[in-house]
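Keep the 3D view open as you read.

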Amino acid sequence: MLRSPQRLSAFFRDRDGQVAIIFALVALPILGIVGVAVDYGRAMNAQRQMQSATDAAALAAASAKNKTDAERESIALTTFQSNTRAAEFISNVTPTYNVAAGRTTVRGEALVPAPFMSLVNFPGFQIESESSVATAGKKLELALMFDVTGSMTGSTAGGSSTKIQDAKAAAGDLLDIVMPSGMTSTRMSLIPFSQRVKLDADTAAAVTFSTPTKEVAVETSSSETTYSLSFNSADWKKWSKCVDRLSTDYYKKLGENNSTAEAHAEAYCQTLQTRWNSSKRRTEYLTPDVKKSTDTIVEVAYHNEYIKPCVVERDTSSNSRATGEQAPVEGEWEADYSTTQTEDVSCPPNGNNGAGTLVPLTSDRTKIASAIAALQTGGSTAGHLGTAWSWYTLSPEWRAVWKDESDPVDYNDETTIKAAVLMTDGEYNSCGGSSSWCAQSKEDAVAICNKMKAQGIQVWTIGFGMSQNANDPARQTLVQCADPGRYFFPYNGDELREAFQAIGKALSDATTKARLVE
């Protein structure tokens, strides 16, 4: 039935009890939405708390040294519970320790109650977390740049030993820490430098696109004098004159002694034609003339020449290559040869018998230790050159040069730390193999260091016995080269050993500490 407009209007104007009804209708869904949000937020908070707890539990178990698997599991459980004590509903954790994979894994799960959503029979939120920690440690590729310039023969103020002796002892400490006997996860290179860097024959050949040894032909010429008898100009001589001519001008010229030459001359004259010279009333002998000839003899001799191993900077017009890590191309280093074998060549920073030769990455501790012990001093400070070759030993761009055991890994290899320790006692001031002053050395060294750091290589610097003035140019170069805080300025042998030990411990901790992995 239709109502009149007036009655309908009155109906809509009557509001008795409508507010409560409308509120009830609107409030129920709002409360439901708020309840779901509260329950979900509670579950998310619990998820975060449990993830932190499994992280802490896995790290604690992995960091426990010399523990059995059972002891590690107990440590994981205790750590997990201490981090979830406030949340009684988080209680289920299952730690595992995989020796072969070098991993400690902790898994947790829980049912988080949902008070609001339980009104509609929702049991709660099932949450879980997992944390895995690598316990095998990382590998280390470490380049040690070693200053062997002439100033290293001096001593620090009040020191009883030379700088080179102090540096060798300090380097031994570094070896003990990062490369103890039997460790194979660390590979180390040694880069002695002064105004040049000395390579082995194969490396020198590789960067110059030459051969370590070549055979060289050398022509030699000599004169040979010969004597012969000619009857074209023979004349008739009496007996004594015939014997005298042949003995003196022929047989003695052939190297015979007096008596033998005379006997041969007499026998020869006896066989010659004779005639009777009636005017002189004597017998004469047809005596040949002696002809002298001088000939030039050319001989070819062959001998080996050996590549000279001492190198300076790249010969390139490209600044990016001069301070970069690009593999060598033909013409950047020229090959020169000498008759002296490579290992016997002496050019700063080296002595004979291989002393001072760069050693590429190796896990052979004895090889590095022996090379350090044999180091000798001489020359000036081309710090940029030592820095560059330190980078080359760590750069995967140089694999074609180093090869085999010395082949560097990729920069993005997450299992390996790359680091360079650059040790010097003076200002970088030499270029081109010359001892003349060269300011470019400092600039190039800093540019090389910055590019190394950009590739993720840790750069540590040590300025031994330098000026204590913070604004000293030599100090500033090393500060700029190093990563923040990774520079040392020891003033004597004891402080130098402390610096090397600090670097060694930092690198050792970085390679052996437990770490969370995906």
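Start with a polar contact (a pair of N or O atoms within 3.5 Å; within protein, one must be able to donate a hydrogen and the other to accept it, and residues adjacent in sequence count only if both atoms are side-chain atoms): a polar atom of the Thr 461 side chain lies 3.0 Å from the backbone oxygen of Leu 478. The model is predicted, with local features needing pLDDT of at least 70 and side-chain atom pairs counting only at pLDDT 80 or more, while totals for chains, interfaces and linings use all residues. Residues are numbered from 1 along each chain as its sequence is written, and side-chain values use heavy atoms, leaving out hydrogens and water.

Thr 461 belongs to strand β14, residues 458-463. Helices (H or I, at least four residues) and strands (E, at least two) are DSSP runs, numbered from the N terminus. Is Thr 461 buried or exposed? Thr 461 is buried, because its relative accessible area is 0%; buried means under 20% relative accessible area, exposed over 50%, and partly exposed in between, with a 1.4 Å probe and protein chains only. Leaving aside residues up to four places away in sequence, Thr 461 touches Leu 422, Leu 478, Cys 481, Ala 482, Arg 486, Tyr 487 and Phe 488, where contact means heavy atoms within 4.5 Å.

Now look at the helices. Two packed helices are described by the angle between their axes and the distance between the axes. Axes are lines fitted to C-alpha atoms, for helices over the stretch in contact, and angles run from 0 to 180 degrees between N-to-C directions. Helix α12 (residues 440-454) and helix α13 (residues 473-481) have axes that come within 8 Å and cross at roughly 20°. These two helices are therefore roughly parallel to each other; angles under 35 degrees count as roughly parallel, over 145 as roughly antiparallel, 65 to 115 as roughly perpendicular and the rest as oblique. On the α12 side, the contact includes Lys 442, Ala 445 and Cys 449, and on the α13 side it includes Pro 473, Thr 477 and Cys 481.

On to another partner of α12: α10 packs with α12 at an angle of about 20°, their axes 8 Å apart. So α10 and α12 are roughly parallel to each other. Among the residues making this contact are His 384 and Trp 391 of α10, together with Ala 445, Ile 448 and Cys 449 of α12.

α10 (383-394) also meets the buried residues of α5, which pack against β9 (282-307) and α11 (399-402) as well. In α5, residues 201-208, the buried residues are Thr 203, Ala 204, Ala 205, Val 207 and Thr 208. Just after α5, Phe 209 takes a positive phi of about 55°.

For another geometry, turn to helix α6 (residues 239-251) and helix α7 (residues 258-271), whose axes come within 8 Å and cross at roughly 130°. That angle is why α6 is oblique to α7. The contact includes Trp 239 and Tyr 251 of α6, with His 264 and Tyr 268 of α7.

Finally, step back to the whole chain. The protein chain has 14 helices and 16 strands, and 41% of its 518 residues are buried. Of the contacts with a separation of 6 or more, 74% are between residues 24 or more positions apart.
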